[in-house]
Amino acid sequence: MKKVITYGTYDLFHNGHYNLLKRAKELGDYLIVGVTTEHYDEARGKVNVVDSLMTRIENVRSTGFADEIIVEDHVGQKIEDIQKYDVDIFTLGSDWVGTFDYLKQFCEVVYLDRTPDVSSTQIRNNSFKIINLGIVGTGRIVPRFLSEVKYVSGVNVICTFNPEVREDKFLKKRYVLDNYYESYDEFLDKVDAIYIASPNETHYEYAKKALHASKHVLCEKPLCFKRDEAEELYDYAKENDLVLMEAIKTAYCPGFQQLMNVASSGVIGDIRDVEATYTRLADPNSRERTSSMYEGSFLEFGSYTLLPAIKLLGKEYSDIRFKTLYDDKGVDIYTKIDLDYDNGMATSKVRR
């Protein structure tokens, strides 16, 4: 008898989960399904699980594909289970390609293609809605985004938009994502929300069109180059009950928030001086180092280093001074920003 094992959270159970279990069952004679606990999911970065463990187990059981259901609750358990149950095949979805190749020394490892548009046949008993997400841009940040978004319950990436690329073969094969290269409007019709990861100079227009099409927007920084443009977009989003967020990741990291909480609590005294630095050495031939108008250290990273200053000392600074070094192309490669407050000071330094 050929035994197959697979694992998952199976939160907000939908047709994509159903199809993966069906195809996993077809790989052998006996299917073991591991369902992760909330504690283990938190430990591996999935922090917004909606359904209880028992509900998720019951949803797996109701498919009829699982011959046995086990609970996964700790790191290293996969190897333990493969050996304990004498497993022949370990399988997961194709968005995990390569991650579990280390298990090949214990059994065969198979990655199954994921199911697109899962929300259209979502198996749910309540009104929680899965968000179909589209990505604007197909550059190097997108695979990193996709590797993380799979840890977020209720979000399903279904397509991309890049007017300069007909098809990204990597994204098409691994994530089953179609790219819309001719019509941004057609792309917007397919999604509930978008993540903008295109060149900086395109952010404002893409975000504006999406909001006017009633789509939620997560946009890489900088959202805009002008204050009035930013105020326009945020005002429109608020008036129309839409989510508009700038992707300043640090602001939402639990560790950073805890650091701000400790500093603000007074336990280390009154904060009078804040210094923050961000450095990333980019390839001299990359877009970031060749566009003097839309790229550079401050536009890319200034939000990260100004964030703790604003959080701890506030917005009401009395003076601000910029000092910048440029390379031979006129690109900002180092910027230092000094802010003066009535009762403090801050320094922000960014290097590209």
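Strand β1 is mostly covered, with five of its six residues buried (buried means under 20% relative accessible area with a 1.4 Å probe, protein chains only). The model is predicted: local features need pLDDT of at least 70, side-chain atom pairs count only at pLDDT 80 or more, and totals for chains, interfaces and linings use all residues. Residues are numbered from 1 along each chain as its sequence is written, and side-chain values use heavy atoms, with hydrogens and water left out. Strands are DSSP runs of E with at least two residues, and helices are runs of H or I with at least four, numbered from the N terminus.

Six bridges pair β1 with β2 in the parallel sense (pairing requires at least two DSSP bridges between two strands). Within this pair, threonine 6 stands opposite valine 33 of β2. The chain passes from β1 through α1 to β2 in a right-handed β-α-β crossover; with the strands pointing away from the viewer, such a path from the first strand over the helix to the second runs clockwise. Strand β1 also runs parallel to β4, joined by three bridges, and isoleucine 5 stands opposite phenylalanine 90 in β4.

Helix α1 spans residues 15–26. Its twelve residues reach 16 Å from first to last C-alpha, close to the 16 Å expected at 1.5 Å a residue (1.5 Å times one less than the number of residues).

Gly16, His17, Leu21 and Ala24 are buried in α1. They lie on the same side of the helix because they cover an arc of only 130° around its axis, taken from the directions from the axis to the C-beta atoms. The cover over the buried residues of α1 includes β1 (3–8), β2 (30–36), α3 (53–63), β4 (89–93) and β5 (108–112), where contact means heavy atoms within 4.5 Å.

Note on methods: Buried < 20%, exposed > 50% of the residue type's maximum accessible area, 1.4 Å probe, protein only.
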